[in-house]
Amino acid sequence: MASLKEIKRKIGSVKNTQKTTRAMKLVSSAKLRRTEELAKRSRVYAQKLTEVLNEIARKMQQTNVDGIDNVFFKECETPKKIDIVFITADKGLCGGFNAQTIKRVNKLIAEYKAQDVKVRLRAVGRKGIDYFKFNNVELNNEIVGLSAAPDYQQAAEFISEVAESYVNGETDKIILVHNGYVNMITQEIRQDQLLPVDSSKLELNSVSTSELELEPDEDDTLLDALVKRYVEYTMYYSLIDSLAAEHSARMQAMDAATNNAKEMVKTLTVKYNKARQEAITTELIEIISGMESMK
Amino acid sequence: MKLLKLEIVTPNGVIFDAEAKQVTLPGSEGEFGVLPEHATLVSLLDTGVIVIDNPDNSQIAVAINSGYVKVDEEKTTCIVDGAVAISGKDSNLAKALEDAKALLKSAEASNTAIASAVSTIERIGKL
């Protein structure tokens, strides 16, 4: 049996850990609330942007017989090179949050390798970068600090570089993987095809109200600019979504940790009391037997 | 009198959602005005100022850096990157003016565009 002092020390250390995890939970829940608010506000923008993109894509589909004739919309039949952009957190202690994303990325890599497709990785967030570096997987592009504080400008810069390589034909498809926020206790892996724009996702068949006028009227100028914005924004929104999910995951993990610590303090206290009682009993027996022998 | 529904959305949220008599927009092909029941239109917006004529005849200026506008019979939606609203009623007008100027300057537009935009917001700010 461990000594009294040792158990007491252990209880102290568990209590300290509990204090830390409880504080982290509180911090995360406060941050989550803020990020949620941010996500809610930017969702409106995303909605409107998709609406306009829909409208234009629909118009182009109506005018062109063989579908939309634009580089951003043309689906490559047999992709040879694919870029995967994935978002992880910069920090750990958030349960399986990062591991889930990494797992999905690994699965994708394996899938495409089997089809003989070249895959390039672009990482956002320290945890993902560390993982793939440790496993000697080459990363094409990496950025740290963006996932903890999403910034539109920075996100746009990062993703436009990726989009450029798509336009140049260096890559045939861009996939974005991140762990998204569903609600306080659920996160969900989201995998989106960033480019070419997934035309199946656009609602091309709703009835338009009237003839749409475009300005500037060379369709491509407007559409190119719009797609660029759409891509940038999707990236930015994914970052916010991922951040919200990170906070909710951390909140959960820290809540579990606090509860576990509580459990542990309980069992340790029982152990401590038992040990103390045992010590007292032993002492009593010693005294009594000492008295007996003196008789 | 007919009014048009106007909505201005930025990545940070909706900054304007109300009815207006008329709105003047800085299109990439030139400035244009939209009245109620305008035909459906999608246009790129350049750095400049959106001027909103309120139903009570006051004016609001919104400085923007770039974006889109989608007009249809029902409503006008502006989707912009960054925006600062200025109206004569605002209490901290000076700060709003400063913010608007900084936004316009950061947009890397031509000097004439900035100058004309700044003069517009100053004019409306004084009203």
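This is a predicted model: local features need pLDDT of at least 70, side-chain atom pairs count only at pLDDT 80 or more; totals for chains, interfaces and linings use all residues.

Modeller: Residues are numbered from 1 along each chain as its sequence is written, with chains lettered from A and ligands numbered from 1 in the order in which they are written.

Colleague: What does α4 of chain A reach from its first C-alpha to its last?

Modeller: Helix α4(A), residues 152-167, has 16 residues and reaches 22 Å, close to the 22 Å expected at 1.5 Å a residue (1.5 Å times one less than its number of residues). Helices (H or I, at least four residues) and strands (E, at least two) are DSSP runs, numbered from the N terminus.

Colleague: Which of its residues are buried?

Modeller: In α4(A) they are Tyr152(A), Ala155(A), Phe158(A), Ile159(A), Val162(A), Ala163(A) and Tyr166(A). Buried means 20 or more other C-beta atoms within 10 Å of the residue's own, placed from the backbone.

Colleague: What comes just after α4(A)?

Modeller: Gly169(A), with a positive phi of about 85 degrees.

Colleague: Now the sheet. What is the strand order?

Modeller: β3-β2-β1-β4-β5 in chain A, an open sheet of 5 strands with mixed pairing. Because β3(A) (141-143) and β5(A) (186-195) each have a single partner strand, one side of each lacks a neighbour in the sheet.

Colleague: How do β4(A) and β5(A) pair?

Modeller: In the antiparallel sense, over 9 bridges; pairing takes at least two DSSP bridges. His178(A) stands opposite Arg190(A) of β5(A).

Colleague: Over to chain B. Is Val69(B) buried or exposed?

Modeller: Buried, because 26 other C-beta atoms lie within 10 Å. Val69(B) sits in strand β8(B), residues 67-71.

How values were computed: A residue is buried if 20 or more other C-beta atoms lie within 10 Å of its own, exposed if 12 or fewer, and partly exposed in between; C-beta atoms are placed from the backbone.
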